[in-house]
Every structure is written in C-alpha cells, then in structure tokens.
Amino acid sequence: MNKKHSRHGPDSRKHVPARPEAAGAEVAVVPLPQGAYALLADYERRSLAHDPGVPEQIEAPGLWRAIGFRVGEHHFVSGIDEISEILMSPPPVTSIPSTRSWLMGVANVRGNLIALVDLKQFLFEQRTHVTGRARVLVVKQAGGNVGLLVDELLGQRNLTDADRADAEGEADPGLARFVTENVNVGATRLGRFSMVELARTPEFQDAGI
C-alpha cells in the first residue's frame, strides 16, 4: 500500500537556529517546541544533574524562579510566569509608520502577529546591536503579545529569601518603575524586572507619534 504524504509541515523541532556570520545580519525565527518552558526544563535538567541538593531547594518555600537576561550592561530577572515564550533569534519585521523608534514593527510568528520592541531603546534610548546571542522574550499584554528584543539570555535563576535579604532599591528613576529590587548574586547585580508593570506603562502602550 502506498503511503500518503502527510499534509503537515516539517517538525519544528528539527529546525536549527540561524547563526549570522556578522553582527546585524538578518536571522530567522526558530520557536521553541513548547515555548519558554521547554528551554527552562532543559536548564533545570542540566542543573539537577550536577547538584543533588537542588530538588529540595526547588520545592522550598520562599524560592522565586526567574529567567535572567541582559540589556546593555544591565542584568535583569523576570518571573517565569511573566514570559510565555522565547524566540531564539529576532524574526523579520514589518515597520509601522508614525511610531516610536523603539517599536521595531510587527512580526509574523507561526501565523500570529506580535509587536516587536527594542527593550534597550525603550529603557535607555540606545538601539540594540543584534548579534547571535540576541533573543526575543514574548510577553502577554492586553490586546495581544509583544516581543522584547534583549542582548542575551542568561538562563534560569532561582532566588531564595536569603538571596533577597539584602536587596536594594533602584536608584535610576527611569528603571524604578519596572525594577522592584536589586539582588547581588556573587559578583552579579540582578534587577528584578516586572513585565507586568512594563505592559501597564502608558508610554509603552502608546507607541504612536
């Protein structure tokens, strides 16, 4: 019996992220099979393989699980529940006339249109120089999802109450709207970044000129 050809496209799990040869080169979007949680599960699986004590810590009260990312010189963490998906490379975008410079345009991600925002330009008025480490964090907001272009993904971070005992406030008034506290983990200062507050900010919601 002849086998019928499947009407489904190729399995997205076989896609390989594009590796631009030079900074700023156009790269293709490669979605994760199960969104952000597939990536986080991989981070957790690898961490558990090297630290027998982590399982008890993961279930411990007072543990805050987050995703770390870099924007310029700043290192931030946002709650896992605030990020719905991670795109491994910025997708092609269609620009929108008469909008703020930080709104890069709209992108088609598996048939869904999302607004793509340069987070560095929104926060610091500095355009992100796209490299092979750049990622897009997809965040839910009223009216549809938005993708935030960041310089680098830092992986999963687990912060305990002990880590946050000496947390400091944010001195930069521009960041204080979104960064609820700063935690020092080793030599790295991590700002706890609220995606919820970002999405609620009037200037973020209104990108028109």
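Set aside the neighbours within four places in sequence, and Lys120 is in contact with Val71, Gly72, Glu125, Gln126, Arg127, Thr128, Leu149 and Asp151. Keep in mind that this is a predicted model.

**Lys120**
- You'll find Lys120 in helix 3, which covers residues 119-124.
- Lys120 counts as buried because its relative accessibility is 11%, and the cut-off for buried is under 20%.
- One of its contacts, Asp151, is also a polar partner: the side chains of Lys120 and Asp151 are joined by a polar contact of 3.3 Å.

- Five strands make up an open sheet, in the order 8-1-2-10-9 and with mixed pairing.
- Strand 8 (152-159) and strand 9 (179-185) sit at the edges, each pairing on one side only.
- On average, neighbouring strands in this sheet are turned by 30 degrees against each other, ignoring direction.
- Strand 1 (residues 64-71) and strand 2 (residues 74-79) run antiparallel, with 6 bridges joining them.
- Val71, one of the residues Lys120 is in contact with, has His74 in strand 2 as its bridge partner.

**Asp81**
- Follow the chain into the loop between strand 2 and strand 3 (85-87) and you'll find Asp81.
- Is Asp81 buried or exposed? Asp81 is exposed, because its relative accessible area is 67% and the cut-off for exposed is over 50%.
- Asp81 and Val139 are 58 residues apart along the chain, and 9.6 Å separates their C-alpha atoms.

Technical notes. Residues are numbered from 1 along each chain as its sequence is written. This is a predicted model: local features need pLDDT of at least 70, side-chain atom pairs count only at pLDDT 80 or more; totals for chains, interfaces and linings use all residues. Side-chain values use heavy atoms; hydrogens and water are left out. Two strands pair if DSSP finds at least two bridges between them. Helices (H or I, at least four residues) and strands (E, at least two) are DSSP runs, numbered from the N terminus. Axes are lines fitted to C-alpha atoms, for helices over the stretch in contact, and angles run from 0 to 180 degrees between N-to-C directions. Buried means under 20% relative accessible area, exposed over 50%, partly exposed in between (1.4 Å probe, protein chains only). A polar contact is a pair of N or O atoms within 3.5 Å; within protein, one must be able to donate a hydrogen and the other to accept it, and residues adjacent in sequence count only if both atoms are side-chain atoms. Contact means heavy atoms within 4.5 Å.
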